[in-house]
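Hello,

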Amino acid sequence: MSPQPVTVAIVSGDTPRRENLLAGLARSAAADTRRHGDFDLEFTACDSGDALLRLAAERGELQAAVLDLPGLAGAAALPEKLRALRPELDLFVMVEPEGDTVEGRAELLDRDDISPGQLCRHIRSAVARRARTPFADTLRDYVYSAKDAWHTPGHCGGDSLRDSPWVADFYHMMGEHIFNTDLSVSVQSLDSLLEPHSVIQEAQELAAEAFGAQHTFFVTNGTSTANKVIVQHLLGAGGKVILDQACHKSVHHAVILFGAEPVYLPASVNSRYGMYGPVPQKHVFDALEQHPEARLLVLTSCTYDGFRYDLAPIIAAAHERGVKVLIDEAWYAHGRAHPAFRPNALDCGADYVTQSTHKMLSAFSQASMIHVADPDFDEHRFRENLNMHTSTSPQYAMIASLDVARKQVSLEGYSQLQRCLGIATRLREGIQKTGVFRVLELEDMLPASLVDDGIRLDPLKLSVDVSASGMSAREVQLALFEDYGIQIEKVTHNTFTVLVTLGATQSKVLRLLNALQKLARRGPVEPPEDAPEAPVSALPPLSEFVRLPREAFFGPARERALDREDGGINEALVGAISADQVVPYPPGIPALNPGQLITREVASFLLAQYRSGNGIELHGLVERGGRPYLRVCA
């Protein structure tokens, strides 16, 4: 395998100096036969800051830049502009001995006291550091050393399965390395996720740099756990939390677990398409004003459907009142790697950010990260809270996947996301050309209450309206799967969602567009006889909370049927208090939380969902003898 070419830009307004430096660096790189991370340095020159910015925007393989600032027009602003465009780049700033310092991550060099050979080694070292995957490298080396295992796990690298007449087929389907990378804390060279001090610690430090945090922690049981850890860290002994009704159910679970007092913010709703939007900005500001004792604000940005808050003014308002801010970025781990997606939550000053690295990037399922920028952060206490939720037997392949996903974002996140944006554009254009299916724009999806809130849409999440096809979104979903071998992300009653992740390819685009063109030519489809008379709408309005969630969940309760024998809703439920969280999944937004009043609208919605056959699960609903029940407070 040939070394990967790495582009390094040299920018200087002094032509002779620029050309001499370029020639000297090229000679030094050619003479250096060592390979660091399997890459070769290739140098290119720019005569102005604008030329460098154009190069950075056009060439994803650019990994480092040498800025000869003295005499360069616009020199003072150039490092910050370059960081805004490509924050991952390694910057080497050449200054006069008594010159100004540069804010942010950059290596300062005396322009009169650095040789091309020295500079070349500095560049190699910096790029090689980002190209390292300290944990994944150590795991690979250990696996290839073929040590005998007399420790957990019991399959011992797959030895218990490989020659079995009954289960060897599973071994061969999964592959040798899925088993021999499944190790345990007995292998001390692989560090400890619960108390990292070597390769896991280094991998987390590299992740903090890549994602723009002060501290980063790897989580191997999903962002659901990450959210609970942060709520426990800040509100474990109780306290008031302001949170979006449409937060992921894990945040609502945390409220129950830790006895927090919730102030729920009703989310905006687009009932036409069955989508929740963000909380109107004014409602957030009002809640902060009305609850000065609140200690935490929790919001989701971006949402499952791609809505992004204008976070900076919201976070600033919270901080003015001493309120910490947690932003659930489960669907937005890619947000820092390309300017089309910035600013993300950390750019806007969030104290804690959770990300599902596996959702849009290249990590294994359940692999997530917690990013911290809290100026009052107590790392010891946080780690104690984290360890309460972390298995003492973490999955080492999952940790390695986080390490590798970070490397990919750092070295090729910009170019990969540029490619993804192109794929999303091709999909939009192709879907529109079917004349039947239509990709919704922000204006279509945005609830009226958010028009002036600066909401943006993640372009990699495509919501497709199927209304003109004569089919429900569920029918389209099944046709794509059964007839064309295509699995899409989720559906509402009249939309389906396509995610353009790093794994998207042009071949997949071709197959999806071909399938949709064929479905469009079918024309309207007669609904089946047992289809519901009307589509199931978006979640009903948030009803009143009359008990603390923890009190309702752990208190005495009884079951009541959701329906009557004749098919309608059970009127005895209306006015009762829910003892459980009831969540249509996807998207995982609760229709009911413990302590919440059950209204006629909520009961009707849940019964319609239960009967719809739309493929959506109802977590928290009890089923007895083929009938649905709810647990209500006694």
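A residue is called buried at under 20% relative accessible area, exposed at over 50%, and partly exposed in between, using a 1.4 Å probe and protein chains only. This is a predicted model, in which local features need pLDDT of at least 70 and side-chain atom pairs count only at pLDDT 80 or more, while totals for chains, interfaces and linings use all residues. Residues are numbered from 1 along each chain as its sequence is written, and side-chain values use heavy atoms, with hydrogens and water left out.

Cysteines

A disulfide is a covalent bond between the sulfur atoms of two cysteines. Here it is taken as a pair of cysteine sulfur atoms within 2.5 Å. By that rule the model has 0 disulfides. For Cys 302, the nearest cysteine sulfur belongs to Cys 348 and lies 13 Å away. Cys 302 counts as buried, because its relative accessibility is 0%. Cys 633 is also buried, at 9% relative accessible area.

Salt bridges

A salt bridge here is a side-chain nitrogen of Lys or Arg within 4 Å of a carboxyl oxygen of Asp or Glu. There are 37 of them in the structure.

Asp 68 pairs with Arg 17, and their closest N and O atoms are 3.4 Å apart. The two residues are 51 residues apart in the chain, with Asp 68 in strand β3 (residues 62-68) and Arg 17 in helix α1 (residues 15-31). Helices (H or I, at least four residues) and strands (E, at least two) are DSSP runs, numbered from the N terminus. Asp 68 is buried at 1% relative accessibility, whereas Arg 17 is partly exposed at 23%.

Lys 490 and Asp 305 form a salt bridge at 2.8 Å, N to O. This pair links distant parts of the chain, 185 residues apart: Lys 490 is in strand β19 (residues 490-491), and Asp 305 is in the loop between β11 (296-300) and β12 (307-308). Both Lys 490 and Asp 305 are buried.

Lys 324 and Asp 376 also form a salt bridge, at 2.6 Å from N to O. Lys 324 belongs to strand β13 (residues 324-328), and Asp 376 sits 52 residues apart from it, in the loop between β15 (368-372) and α15 (379-387). Lys 324 is buried, with 16% relative accessibility, but Asp 376 is exposed, with 56%. Elsewhere, salt bridges that share partners join Arg 17, Asp 68, Glu 96 and Arg 111 into one network.

Regards
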